[in-house]
Amino acid sequence: MAQMNMIEAIKDAMRVELKRDPSVVIFGEDVGHVGGVFRATEGLQAEFGENRVFDTPLAESAIGGMAVGLGIQGFRPVAEIQFVGFIFEALDQMFVQAARMRYRSGGRYNAPIVFRTPFGGGVKAAELHTDALEGLAMQTPGLKVIVPSNPYDAKGLLISAIRDNDPVFFMEHLNLYRAFRDEVPEGEYTVPIGKAKVVREGTDVTIIAYGLMVHTALKAADELEKNGVKAEVIDLRTLMPLDIDTIVASIQKTNRAIVVQEAQKSAGAAAEIIAQINEKAILHLEAPVLRCAPPDTVYPFAQIEDQWLPTPARIVKKVNEVLQF
Amino acid sequence: MPGQTLPHVVHSEDVTPLRILSPEGEVINADLMPDLTDEQLKEVMYRMVFTRTWDDRAVNLGRQGRLGFYAPVSGQEGTMVGSEYALTKDDFVCPGYRDMPQIVWHGLPLYQAFLYSRGHQHGGQIPEGVNVLMPQIIIGAQILHATGIAMGFKLKGEKRVAITYTGDGGSSEGDFYEGLNYAGAFKLPAIYFVQNNGYAITTPYAKQTGAQSIAHKALAAGIRGVQVDGMDVLAVIAAVREAAEIARNGGGATLIEGLTYRFRPHSMSDDATKYRTKDEEAEWGLKDPIIRFGKYLESKGLWSEEDTARVREEAKAAVNEHIKKAEQTEKMTIHGLIDSMYENTPQHLEEQKADF
């Protein structure tokens, strides 16, 4: 066991896989020599060579296309898009070409690719560095979508993602990169894709969250506890495929739920989660499932970011609406 | 001084397309003649006549509703057949949507090409060992796939080449430039073949770019640029062979612009009379790559009208056999589609099967 922050855990996952599987290659803008703008790949080129870890020209679509072509040739590409807002340049290659490869070829070809990208608010970043675009990926058949919330999960999920034979959109929250350290096992272990985790048990209401919002929800749960409300908090970890069974099991116990996300209200994962709860657990609900999410504006200017993102207080308020329905 | 400008980079040299045969089928550039045996020359002619016959039949099958999406190829046999013939079966072909002949001659069974046209998943199930991708609908995307595949060859140290095709319109796409530029930066074993037939649906070349030629665009990426008379199959073979040789030996990528023409409209739902003149069509008709190469072979005593007639009959029979096989292919099911999305079908998709 070692104490690692999330960025170190992510690097460790790539290191473990580079060592284990010679078909793993890592590339993107500034990921090679320098080791990435967040040092997620620091030292990997020195250890594994320029044929395994390399810098690319500044062109996101070609990063995506390179990954698809290398996947066809039997490689296992881990491609980095430097910031989430730049995925639009690469959407065709990621969300069309990679996501459809298995289907279009009737299984003859596949795209065993991980697209890593940082995202997430609260760090006063420049425009288009932080938008929560997971909803776009969730609506793309053929992709898997992962948003880890802590170092242990990040490493285990990234190893699972690299070993997965279908394309994975792996979103790393900027605000969690160095937020805290956790015990992370050395060497290889996996966290299963598609499995949520109950991170705090409770009986009165279920708070469903992912990414940074897991931590915001846990703070809200502490506040609620002071008033005698026991909130159960679920960390989804994977958004596609969604672990609806864990959600339903929790609602069967609590009969009430909210979904917290930092994507705008109409974007993100919340609407799909609520639709599935309606289909599978409506008779267990004492109140409608509400969303705690930012307004449907463009991602805010840095100076007003903290008011825009969900806070523990806003989550508490939303939970109280559900409890008092 | 008025009218003067500061020093600037200009690349305005005129380009003369590489040409080996005159329109009359005479050798005008013997030095460049590719080394081909008589049997190989006849095989190239066989494939061109076969492809023309297949195209004729495909248009009719489309009208009868027995084929679906189909992009005609007549006129482009020189660029299509010639460029594929210049490679080995180990090389990898990333086609655009019109480039069905290249992947069929590279090994995709004809009935699967028909299934692709009809919108059946088995059309994309490329047989093991056939190094091609499915036709690409997103213009430019295939250019990046070839780039990545070429990177794979380079990383594995394999002496193989990836070739990809687009049209003149495709050279305006960002992915076109990105692919060439990556090939320049990584010195990749790739060939980017632009079949410039003068039109992107209704839009003429002059409205795509101010560049004097598409071959010039290689300069922006630091790779070789070649323009070739695409109606001269021998010139196409020579250009692609040389580009492949250079690529295999670590010399990097080549952009080849083949000047060609499609005798038919862009697609079966396009009316070319709205944007092309009869005179223009007639002029290009005189440059027909099959007639030109046929004259050359006849002058060498290697081909005759009877040979053409024989190949046409063989091709018709093959088309009939393969369209039947396509029509008899088992129908797809929604469950089958669902199971082809991921290696392991996730729970939500398993549950969605119940609705079908």
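How do the residues of the lining of the largest pocket divide into nonpolar, polar and charged? The second view below gives the answer.

This is a predicted model, in which local features need pLDDT of at least 70, side-chain atom pairs count only at pLDDT 80 or more, and totals for chains, interfaces and linings use all residues. Residues are numbered from 1 along each chain as its sequence is written, chains are lettered from A and ligands numbered from 1 in the order in which they are written, and side-chain values use heavy atoms, with hydrogens and water left out.

**View 1. An open sheet in chain A has seven strands.** Welcome to the sheet: its order is β3-β2-β4-β5-β7-β6-β12, with mixed pairing. Strands here are DSSP runs (E, at least two residues), as helices are (H or I, at least four), numbered from the N terminus; two strands pair if DSSP finds at least two bridges between them. β3 (53–55) and β12 (238–240) of chain A each have a single partner strand, so one side of each is left without a neighbour in the sheet. Look next at β2 (residues 24–28) of chain A, which pairs with β3(A) in the parallel sense over three bridges. Here G28(A) stands opposite D55(A) of β3(A).

**View 2. The largest pocket has a volume of about 730 Å³.** On a 1 Å grid over the protein atoms alone, a pocket is an open set of points where a 1.4 Å probe fits, with protein on both sides within 12 Å along at least five of seven lines; lining residues have an atom within 4 Å of a point. Volume is the space filled by probe spheres set on the points, which are joined across faces, edges and corners. Of the 36 lining residues, M138(A), Q139(A), M240(A), E272(A) and H348(B) lie nearest the centre. Helix α9(A) gives the largest share, six residues. To return to the opening question, the lining divides into 20 nonpolar residues, ten polar and six charged. Ala, Val, Leu, Ile, Met, Phe, Trp, Tyr, Cys and Pro count as nonpolar, Asp, Glu, Lys and Arg as charged, and the others, Gly among them, as polar.

**View 3. The second largest pocket has a volume of about 380 Å³.** Its lining of 17 residues has R100(A), Y103(A), R104(A), Y116(B) and I137(B) nearest the centre. Helix α4 (residues 91–104) of chain A provides the largest share, five residues. By class, this lining holds nine nonpolar, six polar and two charged residues.
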